[in-house]
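User: Could you walk me through reading this structure, one feature at a time? I'd like the general idea and then the case at hand.

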Amino acid sequence: MGIHAFDPTRTVDHGITRVLFTQEEIETRVAELAAQISADYAGQDLLLVCILRGGVIFLADLMRHLTLPCNLDFMAVASYESGARSTNHSPRILLDTREDILGRNVLLIEDIVDSGYTFDHLIKLLKTREPASLKVCSLLSKPTRREVPVQIDYLGFEIPDEYVCGYGIDADELYRNLPFIASVK
Amino acid sequence: MLILSYCPNFPQRLIFNTMSKLKEAIKQHGYETILDHVLINEAQLQARIQELGAQISQDYAGKDALLISILRGGVVFLTELMRHIHTPHHIEFMAVSSYGVGARSTRGQPRITLDLNTDVKGRHVILVEDIVDSGHTIDHVLRLLQTREPASLKVCALLDKPTRREIFVPIEYRGFEIPNEFVFGFGLDLDEYFRNLPFIGVVKQEYQ
């Protein structure tokens, strides 16, 4: 599957401009991250907490490379302000974890860290529940957009301040299924 | 012998020594100790999901399908399937849990703990599930979604265990029909573990 795979009329609508990371580049990087995580948590249990919805493809690929016994959970959050890409306030929890994270090794899985507000709030919230450890794994980071510092323990790629889509990340809810990451107008 | 379903709550229904034996085995040796045999390997999964994706792409051309996945097991299948659907589509997630303790596989009515972000009215909805077992959960979700008047509503299930069915479920897109064996991997858990395995395996009798 390649760039031909999406509907050309939609492509024009959403203005996909260029491919930032190819399928091969993503696959390689995801495997590297998984190897690193497997090594770092060797001999321990790991609870992956994926933030819906953008993180799911990254999660599904990453977890299949992990050689650890791991559990899986999800959280869904929404920001109080509307606007697809900016988050300036603490997020509302729409879906909380099912698992009790007390004493667990928790790894938050996210597609992209932008301003950092959502993540900062989520980390603070989860820390009140006293996990044994809490780390962050993000596929993408836009450091130039950061407004609050977030420590990303496992990062796929740094990207410039551009709108992106593909590999789980949507452009107006479409193109999450693209196997590559592209820049959108 | 205890008959386990794939439900997330089943550990609560296990007798204690089976559970600790299982946990111990997982911690010590990983999945190899528990695996009786691989039922569907990675290549078979990929090939079949590609076929399903092609079929859906064809059937839903120009229809802007809405794929709904029920957390948590269905997510791996969904992410693989959507990558093989070459027409524009949306994804949504629902989380359900049942009233009472450890009762998801029974006739307990599921409670929606995470609802959809979008209105399904007039939409072409495909409910994407990892496995259809007794059929009760999916039946409830289907009936719920039907009240919201989608233009169409179909089921796409990776695995179908027809011998376990207690209520009819119309499965439009079926990955594999499997015998009544306890399976894990590719999103399906064994005591919450092994959802990350890239294949579907059968659990050894002694750990069931």
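Predicted model: local features only at pLDDT ≥ 70, side-chain atom pairs only at ≥ 80, totals over all residues.

User: Start simple: how many helices and strands does chain A have?

Analyst: Helices (H or I, at least four residues) and strands (E, at least two) are DSSP runs, numbered from the N terminus. Chain A has 4 helices and 9 strands, and from the N terminus they run α-β-α-β-α-β-β-β-α-β-β-β-β. Chain B also comes out at 4 helices and 9 strands, with the pattern α-β-α-β-α-β-β-β-α-β-β-β-β along its sequence.

User: And what share of each chain counts as buried?

Analyst: A residue is buried if 20 or more other C-beta atoms lie within 10 Å of its own, exposed if 12 or fewer, and partly exposed in between, with C-beta atoms placed from the backbone. In chain A, 44% of the 185 residues are buried; in chain B, 47% of the 208 residues are.

User: How do I read contact range in the chains?

Analyst: Two residues are in contact if their C-beta atoms, placed from the backbone, lie within 7 Å. Take the contacts between residues at least 6 apart in sequence: in chain A, 67% of them join residues at least 24 apart, and in chain B the figure is 66%.

User: What is the strand order in the open sheet of 3 strands in chain B?

Analyst: That order is S1-S9-S8, antiparallel, with S1 (35–40) and S8 (183–184) of chain B as the edge strands. S8(B) is joined to S9 (residues 200–203) of chain B by 2 bridges, and Val183(B) sits opposite Val202(B). For a parallel case, look at S5 (residues 124–132) of chain B, which has 8 bridges to S6(B), Leu127(B) pairing with Val155(B). S6 (residues 152–160) of chain B is mostly covered, with 7 of its 9 residues buried.

User: Now the core: how many residues does the largest nonpolar core have?

Analyst: A nonpolar core is a set of buried Ala, Val, Leu, Ile, Met, Phe, Trp, Tyr and Cys residues joined through C-beta atoms within 7 Å. The largest one has 109 residues, and those with the most contacts inside it include Leu48(A), Leu59(A) and Leu67(B). H3 (residues 56–65) of chain A gives the largest share, 7 residues. Leaving out residues up to four places away in sequence, Leu67(B) touches Leu78(B), Met82(B), His89(B), Ile91(B), Ile126(B) and Val128(B).

User: How many residues does each chain bring to the contact between them?

Analyst: Chain A brings 27 residues and chain B 26. On the chain A side, H3, S3 (70–79) and S4 (91–95) each supply at least two residues. Ala, Val, Leu, Ile, Met, Phe, Trp, Tyr, Cys and Pro count as nonpolar, Asp, Glu, Lys and Arg as charged, and the others, Gly among them, as polar. That side has 18 nonpolar, 2 polar and 7 charged residues.

User: At what angle do H3(A) and H3(B) pack?

Analyst: The angle is about 105°, with the axes 9 Å apart. That makes the two helices, H3(A) and H3(B), roughly perpendicular; angles under 35 degrees count as roughly parallel, over 145 as roughly antiparallel, 65 to 115 as roughly perpendicular and the rest as oblique. Val56(A), Ile57(A) and Ala60(A) meet Val75(B), Val76(B) and Thr79(B) there, giving 5 nonpolar, 1 polar and no charged residues. H3 (residues 74–82) of chain B is mostly covered, with 9 of its 9 residues buried, among them Phe77(B) and Glu80(B).

Methods. Residues numbered from 1 in each chain as written. Chains lettered and ligands numbered in written order. Axes fitted to C-alpha atoms, helices over the stretch in contact; angles between N-to-C directions. Pairing = 2+ DSSP bridges.
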